[in-house]
Amino acid sequence: MDRRSFIVGLAATPLLTPTLAQAAPLVSPIVELRQYVLHPDKRDVLIELFDRQFIEPQEAAGMSVIGQFRNLDNPDAFVWMRGFADMEARRKALEAFYFGPVWQANREAANATLIDNDNVLLLKPVAAGFDLSARAPVGTTGDGPGFVAVHVHALKAPADAAFLRFFHEKVEPLLKAAGLTPFAPLVTEASANTFPRLPVRENLPSFVWFARFPDPAAYDRALGDLARRPEWARVEARLATWLKRPVQRLRLAPTGRSRLHGLIPPSSTP
């Protein structure tokens, strides 16, 4: 594909780049990235309840629970993601779950752990999506394998062809060379919230990508390698011109039942 065709393609289609599109098949056209702040010492209480009670009923209602995580930089933060076929399917699935018997029976226990659950980004894929492992059975505790890094770029304006082209041509090669291979890139879904009982962060255009590592130390080494590359300072400065605020880096340990974790599933290994 020549340069002009690539640029025209970005403007006409939601696909990002051939490189990023090599990830596994798309999981969900609509994805929620949810960051919760919890009362002190309540994270494991919520995770035990979530992993035991809330995964299968949500999926039975028509959504996909992609992954759930402990934020390693905040002991009182819980991060999770779920996906939907489209915005109308999202409305129906959320109504079925939150008005259904499982949530009604457990909502007081869940809400008692929460300080803030309104930090939610409503996103859509710009390339192929998440490659997920089989979920561990109910009763599995502790951490899942590996480590997941999430980079959230809050943008001044919705991601356009110029931004996506810059990320593909200038940012992505440096990330990959340092060992920060991005997958499952997402941008903001601009549709109106179809379930307003659960707020989302509207008017905050974002670009989000993920990377897998065996452990946090491997991620830290990759960041160090990236920072030492002479060309990174120039590229990072150019990237900053699109940003509304500094990049948020989430260092996440998957729970025992998270389908998304830091190891690539064997089925997708070349």
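Aromatic pairs number 23 in this structure, which is a predicted model. One of them joins Phe167 and Trp209. Phe167 belongs to helix α5 (residues 161-177), whereas Trp209 belongs to strand β7 (residues 206-213), so the pair ties together parts that are 42 residues apart in sequence. Both Phe167 and Trp209 are buried.

Aromatic residues also gather in a cluster. It is formed by Tyr36, Phe50, Phe54, Phe78, Trp80, Phe97, Tyr98, Phe99, Trp103 and Phe195. Two arginines lie over aromatic faces. Arg212 sits over Phe183, 4.8 Å from the ring centre. Arg238 sits over Phe166, at 5.9 Å from the ring centre.

The largest nonpolar core holds 27 residues. Within this core, Leu180, Phe207 and Phe213 touch the most other members. At least two core residues come from each of β5 (147-154), α5, β7, α6 (216-228) and α7 (230-240). Helix α5 gives the most, with seven residues. Leu180 has contacts beyond its neighbours within four places in sequence. These partners are Leu175, Trp209, Phe213, Tyr219, Ala222, Leu223 and Leu226.

Another core lies apart from the largest one. It comprises 25 residues, among them Val65, Phe97, Phe195 and Leu198. Phe97 and Phe195 are also members of the aromatic cluster.

Methods. Residues numbered from 1 in each chain as written. Predicted model: local features only at pLDDT ≥ 70, side-chain atom pairs only at ≥ 80, totals over all residues. Heavy atoms only, no water. Phe/Tyr/Trp six-rings, centres within 6.5 Å; stacked < 30°, edge-to-face > 60°. Helix = DSSP H or I, 4+ residues; strand = E, 2+ residues; numbered from the N terminus. Buried < 20%, exposed > 50% of the residue type's maximum accessible area, 1.4 Å probe, protein only. Lys NZ or Arg CZ within 6 Å of the ring centre and 35° of its normal. Core = buried A, V, L, I, M, F, W, Y, C linked by side-chain atoms within 4.5 Å. Contact = heavy atoms within 4.5 Å.
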